[in-house]
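Biologist: I would like to learn how to read a few features of a model. Can we go through them one at a time?

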Amino acid sequence: MSDDAFRDEISEAIRAHVAWKHRLQTAALNNETDLPVQDICRDDRCRFGKWLAGVIPNERNRSFLNSVKTLHSDFHTAAGLVAQQIADGNPTMAIAALEGSAYTTSSRELEAALADWQAQV
C-alpha cells in the first residue's frame, strides 16, 4: 500500500469515528432503539477495523499499530455501551454517557493516535 493510500485510510477512519458521536446522539434523541449493538461494540465490524486487522506489523508501524488496535477496541466498547443504553430505551443515560469521560476519552485518544500515526507515514 502506498503512503498516500495509507494516509487516506487513516483520514477516513478519523472521519468515521468522529461521526459516531453524532450518529449515537441522533439515535438517542430520536429514540432509535433498533441499533445493531452487537456490531457497534465490535472493533472488527467497521471498515477501519477490517482494514486494521490486515495491516502487517513491521518496524515502521509496530508501536502505532499496537496502540491504535487497543484504542480502537476501547472506542468500540464505549460506543457499544452508549448504543446499548439507547437500545434499552434510556436516551438520557446514553447522552450522558456520550458526554462522559469513558466515551470522550476513548474517542479523543483514538483520534490523536490516528493523527500521530498518519503524520509518521
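Biologist: Which residues is S106 in contact with, leaving aside its neighbours within four places in sequence?

Modeller: Some ground rules come with it. This is a predicted model, where local features need pLDDT of at least 70, side-chain atom pairs count only at pLDDT 80 or more, and totals for chains, interfaces and linings use all residues. Residues are numbered from 1 along each chain as its sequence is written, and side-chain values use heavy atoms, with hydrogens and water left out. Contact means heavy atoms within 4.5 Å. With sequence neighbours within four places left aside, S106 is in contact with D74, F75, A78 and S101.

Biologist: Where is S106 placed, and is S106 buried or exposed?

Modeller: Helices are DSSP runs (H or I, at least four residues), numbered from the N terminus. S106 sits in helix 6, residues 101-120. Buried means under 20% relative accessible area, exposed over 50%, partly exposed in between (1.4 Å probe, protein chains only). S106 has 7% relative accessibility, so S106 counts as buried.

Biologist: Which backbone oxygen lies 3.0 Å from a polar atom of the S106 side chain?

Modeller: That of Y103.

Biologist: Now N61. Which backbone oxygen does the side chain of N61 reach?

Modeller: The N61 side chain reaches the backbone oxygen of I56 at 3.2 Å. N61 is in the loop between helix 3 (47-53) and helix 4 (62-87). Its relative accessibility is 8%, so N61 is buried. Beyond neighbours within four places in sequence, N61 is in contact with V55, I56 and W117.

Biologist: How are two packed helices described?

Modeller: By the angle between their axes and the distance between the axes. Axes are lines fitted to C-alpha atoms, for helices over the stretch in contact, and angles run from 0 to 180 degrees between N-to-C directions. Here, the axes of helix 1 (residues 3-29) and helix 5 (residues 91-99) come within 9 Å and cross at roughly 160 degrees. Helix 1 is therefore roughly antiparallel to helix 5 (the term covers angles over 145 degrees).

Biologist: Which residues make that contact?

Modeller: Helix 1 brings K21, L24, Q25, A28 and L29, and helix 5 brings P91, A94, I95, L98 and E99.

Biologist: And L35: where does it lie, and which residues does L35 touch?

Modeller: L35 lies in the loop between helix 1 and helix 2 (37-40). Not counting residues up to four places away in sequence, L35 touches L24, A27, I40, A83 and I86. The C-alpha atoms of L35 and L24 are separated by 9.2 Å, with the two residues 11 apart along the chain. L35 is buried at 18% relative accessible area.

Terms used
Helix = DSSP H or I, 4+ residues; strand = E, 2+ residues; numbered from the N terminus. Polar contact = N/O pair within 3.5 Å; in protein donor to acceptor, adjacent residues only side chain to side chain. Parallel < 35°, antiparallel > 145°, perpendicular 65-115°, else oblique.
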